[in-house]
Amino acid sequence: MGAFFIAGPFAPLITKGYNFASLFRESGGSTRIRALVSDWKVERGISRASDVAMATSKNRIALKGSLDFVNERFNDVTVAMVDGKGCARVRQKIRGSFRKPEVKKVDFLRTVAGPMLKLLEQANILFGGQCEVFYAGSVAPPE
């Protein structure tokens with residue numbers, strides 16, 4: 001599912017040689033995806049994410065970046081869990097070749113300190129602070 005979310009109709013080209021299906025069989029559980037959009041602009045072998053996101057009943061995840069099919073590379077792809085305002089709360093970057101992608105670790109401090117950071121961010125917004133909007137596309141946030 002993740003490959004199709006990231007790459008849309010090009011997923012089979014990127015995931016060739018990987019056995020992702022076995023990961024899904026072993027993970028157990030399920031989550032209902034209530035909204036999914038995968039809109040890409042393709043030019044000269046490079047697909048740029050225009051509006052790529054999905055939402056469950058609790059979370060909204062969006063993607064930015066591009067896929068270079070000529071050179072078989074991820075170009076600064078970032079996947080993020082975004083809040084109701086489109087601000088990234090957790091980010092993960094993917095770079096490098098399709099065959100050996102470099103997947104950066106999720107910001108551990110942000111994940112562990114999430115509840116405390118959320119309070120600080122709410123206080124910041126209360127006093128007029130803003131966040132950098134990561135996603136402003138068509139997938140609405142969970143209610």
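Q: Which strands form a hairpin with 5 residues between them, and which residue in the turn has a positive phi?
A: Strands E4 and E5 make that hairpin, and Gly 86 in its turn has a positive phi of about 90°. Strands (E, at least two residues) and helices (H or I, at least four) are DSSP runs numbered from the N terminus. This is a predicted model: local features need pLDDT of at least 70, side-chain atom pairs count only at pLDDT 80 or more, and totals for chains, interfaces and linings use all residues. Residues are numbered from 1 along each chain as its sequence is written, and side-chain values use heavy atoms, leaving out hydrogens and water.

Q: How many bridges join E4 to E5?
A: Two strands pair if DSSP finds at least two bridges between them. Here 8 bridges join E4 to E5, which run antiparallel; Thr 78 has Lys 93 in E5 as its bridge partner.

Q: Which cysteines form a disulfide?
A: A disulfide is a covalent bond between the sulfur atoms of two cysteines. The search counts cysteine sulfur atoms within 2.5 Å. Here Cys 87 and Cys 131 form one, with sulfur atoms 1.4 Å apart. Cys 87 lies in the loop between E4 (73–82) and E5 (88–97), and Cys 131 in the segment after helix H5 (114–126), so the pair ties together parts 44 residues apart in sequence.

Q: Is Cys 87 buried or exposed?
A: Buried means under 20% relative accessible area, exposed over 50%, and partly exposed in between (1.4 Å probe, protein chains only). Cys 87 is buried at 1%, whereas Cys 131 is partly exposed at 30%.
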